[in-house]
Amino acid sequence: MKFLIFTCVGVVHLLSLGSGKTLYKSGVSQRAFQEIKEEIASYKDVAKAIIDLAVYGKSQNRSYERLALLVDTVGPRLSGSENLEKAIQIMYRNLQEDGLESVHLEPVRIPRWERGEESAVMLAPRIHRMAILGLGGSIGTPPEGITAEVLVVTSFDELQRKASEARGKIVVYNQPYISYAMTVQYRVRGAVEAAKVGALASLIRSVAPFSIYSPHTGMQEYQDSVPKIPTACITVEDAEMLSRMAFRGNKIVIQLKMGAKSYPDTDSYNTVAEITGSKYPEQVVLVSGHLDSWDVGQGAIDDGGGAIISWEALSLIKDLGLRPKRTLRLVLWTAEEQGGLGAFHYYQLHKINISNYSLVMESDSGFFLTTGLQFTGSEKARAIMEEVMSLLQPLNITQVFRDAEGTDINFWIQAGVPGASLYDDDLYKYFHFHHSHGDTMTAMDPKRMNIAAAVWAVVSYVIADMEEMLPRS
């Protein structure tokens, strides 16, 4: 009903255009929007209190310390692993001890895959042991491995042109890095495309813009109608070396051994906690990050940090004695790396109440340099978010960019719920560490975590406490 009233106000002012009433953005009258601006401006002192507590006060560096304790204790948290379930139980207890409300676990069935022992050795034109990481869900090789000649290609188009040469070989992709979104297709589809032309295995150049001989793992997808072949990522350096050798006409032979295995699905949980709303408890602002990671490094950047600052946002609000009108709900997702399986289960379970979700938020892009907020929603909602972000002027973080990102919140965004994610102005650097052994606490900066937590807390609290829900299209 609140949204209906807001919409009707916009419609009334649209109808009054001929009488000389001026309009703001997308049909929101200046008078009506002025009232909203004044409401948001009234949170200036609250926003400053949150910023002071997170960045300069007693909670300074708390999110960093919480993250370090978790990842140092548990390590990486692969879907279906004991480490992931240990982390879930630790976080469950932490949220209870922090005094948050309605702390509970929502069960989900998730896949279990283990990489096992793996190796790749170039046998010709010289002996060279290669650094590799099997890709998620890959099958293993026979115990003796696969020894075969190599075909190097730089694109799927080149693979098609050389299809007659691929049968019985190991296909190596040396695709250039353009952007993550464009280049990751080789990791996802590389094995399938190689199998279609009769390859025995595929090795994919790691999807990264920079490398210090670091392989980067990630999910790949088989197709039911195509034979499954083993697939792994190799370093940028080795992919380029193999490409140079092939260009010179060298015969390249590699022995690949992979002990990867898939097991039946297992039990896991989304971890949930709340600050219950004081006036509209049935309405929700959701803040989130995913607790699972790949099985290398510590999963600090992706996405232990996002999970922890989402918890920190609720802690900051609670520590200041604040209780918003709407419920602030924290969700720590499971099995995001396998395609957002925990989030999909949550959406199926809760979508019956979709009209009560004002905003869904996910942090999953590191904290190297937070400069604003990515947002997806109506122009009316965007205008409101721009005013909310102005409260972060003390941090000089006020920009609102388009297109919120987050595997786990996309289900809601696609259904019309406004969505938000942190905008990292140094995302290029994020992919130096992404899904690699380098994803550790050493890559994290406590000061930048403080700032990210402050942004997250201010935005989530103000949207949860405003009298109206964010308007939808």
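The expected span of a helix is 1.5 Å times one less than its number of residues. The model considered here is a predicted one. Helix α4, residues 62-74, has 13 residues and reaches 18 Å from its first C-alpha to its last, close to the 18 Å expected. Its buried residues are Arg62, Ser63, Arg66, Leu67, Ala68, Leu70, Val71 and Val74. These buried residues of α4 pack against α5 (82-97), α10 (300-319) and α15. After α4 comes glycine 75, with a positive phi near 85°.

Helix α9 covers residues 236-247; its twelve residues should span 16 Å at 1.5 Å a residue, and the 17 Å between its end C-alpha atoms agrees with this. Val236, Asp238, Ala239, Met241, Leu242 and Met245 are the buried residues of α9. Glycine 249 follows α9 and has a positive phi, near 90°.

**Core and pocket**

In soluble globular proteins, nonpolar side chains tend to be buried together. The largest nonpolar core of this model has 88 residues, of which Leu359, Val459 and Ile463 touch the most other members. Helix α15, residues 446-465, gives the most to this core, with 13 residues. Apart from neighbours within four places in sequence, leucine 359 is in contact with residues including Val284, Leu286, Phe375, Val417, Val459, Ile463 and Leu470.

The largest pocket has a volume of about 1100 Å³. Its lining comprises 46 residues, and Tyr180, Arg187, Glu336, Glu337 and Thr407 are the closest to its centre. By class, 17 lining residues are nonpolar, 17 are polar and twelve are charged. At least two lining residues come from each of β1 (101-114), α8 (180-196), β10 (261-275), β16 (419-424) and α14 (427-433). The largest share, five residues, is supplied by α8.

**Individual residues**

Tyrosine 430 lies in helix α14. A residue counts as buried under 20% relative accessible area; tyrosine 430, at 4%, is therefore buried. Leaving aside neighbours within four places in sequence, tyrosine 430 is in contact with Ile301, Asp302, Asp364, Ser365, Gly366 and Phe368. Tyrosine 430 and glycine 137 are 293 residues apart in sequence, and their C-alpha atoms are 24 Å apart in space.

Glutamine 283 is found in strand β11, residues 280-290. Its relative accessible area is 7%, so glutamine 283 is buried as well. Not counting residues up to four places away in sequence, glutamine 283 touches Arg326, Thr327, Asn356 and Met469. Its C-alpha atom is separated by 29 Å from that of proline 394, which is 111 residues away along the chain.

**Backbone features**

| Residues joined | Omega |
|---|---|
| alanine 124 and proline 125 | about 10° |
| aspartate 302 and aspartate 303 | about 0° |

Proline 125 lies in the loop between β2 (118-124) and β3 (128-130), while aspartate 303 is found in helix α10.

Positive phi values also occur in residues other than glycine. Asparagine 61 has a phi near 70° and lies in the loop between α3 (44-56) and α4. With a relative accessible area of 23%, asparagine 61 is partly exposed. Asparagine 396 has a positive phi of about 60°, and its place is in the loop between α12 (379-389) and β15 (399-402). At 61% relative accessibility, asparagine 396 counts as exposed.

Methods:
Residues are numbered from 1 along each chain as its sequence is written. This is a predicted model: local features need pLDDT of at least 70, side-chain atom pairs count only at pLDDT 80 or more; totals for chains, interfaces and linings use all residues. Side-chain values use heavy atoms; hydrogens and water are left out. Helices (H or I, at least four residues) and strands (E, at least two) are DSSP runs, numbered from the N terminus. Buried means under 20% relative accessible area, exposed over 50%, partly exposed in between (1.4 Å probe, protein chains only). On a 1 Å grid over the protein atoms alone, a cavity is a set of points where a 1.4 Å probe fits but cannot get out, and a pocket is an open set with protein on both sides within 12 Å along at least five of seven lines; lining residues have an atom within 4 Å of a point. Grid points are joined across faces, edges and corners, and a volume is the space filled by probe spheres set on the points. Ala, Val, Leu, Ile, Met, Phe, Trp, Tyr, Cys and Pro count as nonpolar, Asp, Glu, Lys and Arg as charged, and the others, Gly among them, as polar. A nonpolar core is a set of buried Ala, Val, Leu, Ile, Met, Phe, Trp, Tyr and Cys residues joined through side-chain atoms within 4.5 Å. Contact means heavy atoms within 4.5 Å.
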